[in-house]
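Morning, everyone. I'd like to talk about salt bridges today.

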Amino acid sequence: MVDIGTLSRIINAARAIQEAAEKVEQNQEDCEDMKGHVALVTTQLERLKNNGPLMMDTTVSPAVAAFDKILPEAQELVKECQVKRNIIHLLCTAGTLSKKLRRMNKRIMDRTMILMCAMIGRLECQRPTQEQVGHEQPPAAPDGDMSNQQPISIVNEIVGVADRIKETAKMVRRNKDKCLEIDERAGIVSAFLTQLENTDVIKDPALSAKLKKIVNTFQHAYELVTGCQEWKNLFMIWPGQLSKELHKVLDQMVLDLDGITEISIRYTKGSHEVTSPEVWISATLMAGLFVVKLMVRQRSKTVTTQLGY
C-alpha cells in the first residue's frame, strides 16, 4: 500500500519533471508534452493527498505506486535533453531521444488512465455535502424523473460511438497501432462510465457537461479512425498530419476523464465503502485487464523488434 511519504515523493518527482521540461536544450516538443502529461498526474495525486481512504484503496494504491518507478525514469530522459550539445551530436541524439520520450509519454498516459478509472470506480454511497460540491444539491430523483436521464443518455451515446470505433478500427489500412489504441481506450472509458448509472454521481448537476466533452472527443476519434480506413483520404490529409491528430485524440481521451474524476472524488471522501461490490469488482477487473493488454502489446513489439520485422 502507498503511504503519505511515498505519495509525497511521487508528487515531488512529478514537479521536478515539470520544472526540468522548461529548461531543455533539445526535443522541446516532446518534453512539453511530458510536462502536460505529468501535470495531469500531479492533479490526481494532489486529490489523493487529503483522502486517506481513497489513497489506501486496493485498486487505487497500486495505480499510484506505478508512478514511483515510471517518473524517475521520465526525469532522467528530460535531464538528457538539458545537456548542451554541438550540432552534430544534437542531430545524432535527437531522433533516439524523441522515440524514448514518446514511449515514456505513452506509458505515463496509460498509467494515468488506469489511476483515474480506479478513482472513478471507487464511489461511496453517500451524496457529498453542499460544501464539497460548491453548489446547491438537487433532490434525489424519483423513478421516472428526467433529472437523471440526460447523463444516462449521454453515457449511452458514448457507448454507441465506442462501438462504432471498435468496428471501424478492425478495417483500417494505415495507422493501425494508433487506431487500435483508440479503440482500447474508448472501450475502457465507456465501460467505466456505464458504472456511474449505479451511483449518486449520475445525479450531479455538473456531470452532463463533462460527459458531452467525451462525446465530442469520441466523435472526432471516430472520424479519424474512419479516415485511416479509406485510401481516398490519403490525398485529403497528409499521413504525418493524420498520425499527429490520432496522437492528440489519444491524449484527449485521457484528459477528458479528469473532469469525471474531479466530480467522483466528492463521493469518496471519508469512507471505505463503495457503492456496491459490483462496482468495486468491475473497476478492479477492468483496470487489471487494461494493464495486461499493455504488457502483451509491449511484449509483442519487443519480440517484433528483436526479430527485425
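Is Arg107 buried, partly exposed or exposed? Arg107 counts as partly exposed, at 32% relative accessibility. Keep in mind that this is a predicted model.

Who does Arg107 pair with? Its partner is Glu73, in a salt bridge of 2.9 Å, N to O. Look at where the two sit. Glu73 is in helix α5, residues 67–80. Arg107 is in helix α6, residues 87–121. That is 34 residues apart, so the pair links distant parts of the chain. Glu73 is also partly exposed, at 30% relative accessibility.

Next pair: Lys210 and Glu262. They form a salt bridge, with the closest N and O atoms 3.9 Å apart. Again, distant parts of the chain are linked. Lys210 is in helix α10, residues 207–227, and Glu262 is in helix α12, residues 257–264. The separation is 52 residues. Lys210 counts as partly exposed at 26%. Glu262 counts as partly exposed at 34%.

How many salt bridges does a search of the whole structure find? The number is 14.

One more pair, then: Glu22 with Lys35. Their closest N and O atoms are 2.8 Å apart. Glu22 is exposed, with a relative accessible area of 54%. Lys35 is partly exposed, at 21% relative accessibility.

That's my tour. Thanks.

Technical notes. Residues are numbered from 1 along each chain as its sequence is written. This is a predicted model: local features need pLDDT of at least 70, side-chain atom pairs count only at pLDDT 80 or more; totals for chains, interfaces and linings use all residues. Side-chain values use heavy atoms; hydrogens and water are left out. A salt bridge is a side-chain nitrogen of Lys or Arg within 4 Å of a carboxyl oxygen of Asp or Glu. Buried means under 20% relative accessible area, exposed over 50%, partly exposed in between (1.4 Å probe, protein chains only). Helices (H or I, at least four residues) and strands (E, at least two) are DSSP runs, numbered from the N terminus.
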